[in-house]
Amino acid sequence: MLIDCDTCRAPEGACRDCVMTVLLERPPAPVELDESEATALGALAEAGLVPPLRLVRGVMSGSSRIGRDIA
């Protein structure tokens with residue numbers, strides 16, 4: 001899973017409650033998580049220890065972008 005804050009389409013303010021911001025402030029470059037790391041972050045979020053990933057990735061549809069939540 002590639003997490004790129006520069007391309008995230010989450011509503012303004014969602015960064016404050018995103019696990020990437022909590023753990024890494026705002027990463028200066030994209031972060032790649034393997035499946036086990038993503039699963040571990042999901043488990044921590046479910047337990048209430050960290051906020052969930054709030055990433056909203058845009059998908060290309062013709063010439064327009066459509067937001068899609070992948071958290």
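**Salt bridges, a cavity and a surface patch**

D17 counts as partly exposed, at 38% relative accessibility (between the limits for buried, under 20%, and exposed, over 50%, with a 1.4 Å probe and protein chains only). The model is a predicted one, where local features need pLDDT of at least 70, side-chain atom pairs count only at pLDDT 80 or more, and totals for chains, interfaces and linings use all residues. Residues are numbered from 1 along each chain as its sequence is written, and side-chain values use heavy atoms, leaving out hydrogens and water.

**Salt bridges**
- There are two salt bridges here (a side-chain nitrogen of Lys or Arg within 4 Å of a carboxyl oxygen of Asp or Glu).
- D17 pairs up with R54, and their closest N and O atoms are 2.5 Å apart.
- That pair ties together distant parts of the chain, 37 residues apart.
- R54 is partly exposed too, with a relative accessible area of 32%.
- D6 and R26 make a salt bridge of 2.7 Å, N to O.
- D6 is exposed at 58% relative accessible area, while R26 is partly exposed at 45%.

**Cavity**
- The largest cavity holds about 80 Å³ of space (on a 1 Å grid over the protein atoms alone, a cavity is a set of points where a 1.4 Å probe fits but cannot get out, and lining residues have an atom within 4 Å of a point).
- R54 turns up again in its lining, along with residues including I3, C5, M20 and L55.

**Surface patch**
- V22, L23 and L24 make a nonpolar surface patch of about 260 Å² (residues with over 30% relative accessible area and no salt bridge, nonpolar side chains being joined within 5 Å).
- L23 is partly exposed at 47% relative accessibility.

Note on methods
Patch = residues over 30% accessible without salt bridge, like charges linked within 9 Å, V, L, I, M, F, W, Y side chains within 5 Å. Areas by Shrake-Rupley, 256 points an atom, 1.4 Å probe, with all protein chains shown as cover. 1 Å grid on protein atoms, 1.4 Å probe; cavity = no way out; pocket = protein on both sides within 12 Å on 5 of 7 lines; lining within 4 Å. Points joined across faces, edges and corners; volume = space filled by probe spheres on them. Helix = DSSP H or I, 4+ residues; strand = E, 2+ residues; numbered from the N terminus.
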